[in-house]
There are 4 protein chains.
Amino acid sequence: MTYERVWTVRFSDADSFGIAHYPRIVDAVHETSDMFMQSIGFPYWEIVEEHGYGLPLVEMNFEFERPVEAGDEVTVELTPDLGTRSVRFEYVARSDGEVAFTGYEQRVCAPADGEGSMELPDDLRAALSEYADADGDGDGSEDD
Amino acid sequence: MTYERVWTVRFSDADSFGIAHYPRIVDAVHETSDMFMQSIGFPYWEIVEEHGYGLPLVEMNFEFERPVEAGDEVTVELTPDLGTRSVRFEYVARSDGEVAFTGYEQRVCAPADGEGSMELPDDLRAALSEYADADGDGDGSEDD
Amino acid sequence: MTYERVWTVRFSDADSFGIAHYPRIVDAVHETSDMFMQSIGFPYWEIVEEHGYGLPLVEMNFEFERPVEAGDEVTVELTPDLGTRSVRFEYVARSDGEVAFTGYEQRVCAPADGEGSMELPDDLRAALSEYADADGDGDGSEDD
Amino acid sequence: MTYERVWTVRFSDADSFGIAHYPRIVDAVHETSDMFMQSIGFPYWEIVEEHGYGLPLVEMNFEFERPVEAGDEVTVELTPDLGTRSVRFEYVARSDGEVAFTGYEQRVCAPADGEGSMELPDDLRAALSEYADADGDGDGSEDD
């Protein structure tokens, strides 16, 4: 099961050719991760206070295959790939059925009041797993 | 009839006290105007090309009564107040039933290829009127 | 004495006509207030922690007279108008010597750990006063 | 020679822990590329109209090593690595002398009115080369 949301590219996201500025695409990706975490019951604005950890970004990589334009309804899919102490959010975005951009955000599980990383707590792991792909090694590779 | 959308304040909208940065509130207001124009069939990204005019902003005024926080579901209402050559989008935003911010965007109808202003075309006027308040003098005043 | 900075409108600020999106203008205004507060020794990111109060926005009003375009060097002037418990940041922005937009941000002095407002502390008042206009009643009116 | 600018992290860039939101870092990177292109005489807002091509982004990759906080003066270095039909902008950002984030934007040279890619024009190549690293194969690899 993959998490999915539709991002409508707005006039104010677009440049002088009518196509979305890259920083606005990153905004939409980031918003998607926020919507996803909320949907599984672990919103960013609660996990630190209520659970004592965060999921800071350590890497992002995106490839842009086709521009998206103001008015486009872009379907953004998010699939978490779970590691022991990290999770990679993998994205595929399509407009009119064709891939517009793909990429990932690598996030590490970090205690709110300390240094370094920690294992993904069981309840968060369980919630993420409902949307995870079969691979599940947290590095974005395909193992088979 | 008032146009209404729900804006979820995201983690990345919020400051070090957990409350939304003002520029992010303006983004949300602007997005609301974009969603509204799309909903009535006159999206910003089409009106210039297909209809030959735009609705540039000439003034904005907002008052902030209560802060909104990451995770808040903010109901943003938009009511157009029609003038002859302009339209004022009036906003009331509520969180938990209490007013968080109010304000307006004053927009003028301007030909795409010229100077100055023009009368609101009949089809746009009709579409806006479905959501307009009873006053309809385009200046935000209450006449009665 | 007026605080002044130059804002270069970037490609990613501009719309399909090459003119700056309004939310990006608001970003630039807000950045200007941040730069100003830093320049007088009371940066936003320190005043709460070190001084125990903040200057939240209670109202903003802007009028847009001429569009600004990608590549424009926009001179943004900020003049504080001091009240007892508030300060109004008044803005005039010019491009090529002509006024592009004007407006103000009304800010109230609020204790970080409480409700309501408080008098502007003497040291902040003194720092703001170096850039203040002669009127100094904090309401943006001209008294003479 | 490397292009360098200082980005001051603003209060409105920061999250509830005082550290910059990732989308705001991407804004700063993108602004840096815009400032760089302006500094070498090929601003984004002119190249399409005056030269007939653009440099759309095809990939971005960033690694975040240390958070940056409101008030930090972040030195962002940009070094172009030139290919035949593309250029990679390589970034290293430091705060207090330590690396905060690194990454690259891969950009392709594309004709404004057509499909596919084109060779970097000589004048643009010459301007970029003044800041380019010795490698110059446009793929970010170290060859020696």
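**The interface between chain A and chain D**

In this predicted model, chain A and chain D bury about 1700 Å² between them, with 62% of that area lying on carbon and sulfur atoms. On the side of chain A, the residues that lose the most area to chain D are A:Y22, A:M60 and A:F64, which together account for 30% of what that side buries. The contact draws on 18 residues from chain A and 18 residues from chain D.

Polar and charged groups also take part in the interface. Between chain A and chain D, 10 residue pairs are found in polar contact, both residues of each pair being at pLDDT 80 or more, and two salt bridges are found across the interface. In one of these salt bridges, A:D27 is joined to D:R24, and the closest N and O atoms are 3.0 Å apart.

As for secondary structure, the elements of chain A that contribute two or more residues to the side touching chain D are helix 1 (22–39) and strand 3 (57–64). Strand 3 of chain A supplies the largest share of that side, namely eight residues. Sorted by class, the side of chain A that touches chain D comprises 12 nonpolar, two polar and four charged residues.

Strand pairing also links the two chains, in that strand 3 of chain A is joined by five bridges to strand 3 of chain D (residues 57–64), and the two strands run antiparallel. Within this pairing, A:E63 has D:E59 as its bridge partner in strand 3 of chain D.

How values were computed:
Residues are numbered from 1 along each chain as its sequence is written. Chains are lettered from A and ligands numbered from 1 in the order in which they are written. This is a predicted model: local features need pLDDT of at least 70, side-chain atom pairs count only at pLDDT 80 or more; totals for chains, interfaces and linings use all residues. Side-chain values use heavy atoms; hydrogens and water are left out. Contact means heavy atoms within 4.5 Å. Buried area is the accessible area (1.4 Å probe) that two parts lose on being put together, summed over both. A salt bridge is a side-chain nitrogen of Lys or Arg within 4 Å of a carboxyl oxygen of Asp or Glu. A polar contact is a pair of N or O atoms within 3.5 Å; within protein, one must be able to donate a hydrogen and the other to accept it, and residues adjacent in sequence count only if both atoms are side-chain atoms. Helices (H or I, at least four residues) and strands (E, at least two) are DSSP runs, numbered from the N terminus. Ala, Val, Leu, Ile, Met, Phe, Trp, Tyr, Cys and Pro count as nonpolar, Asp, Glu, Lys and Arg as charged, and the others, Gly among them, as polar. Two strands pair if DSSP finds at least two bridges between them.
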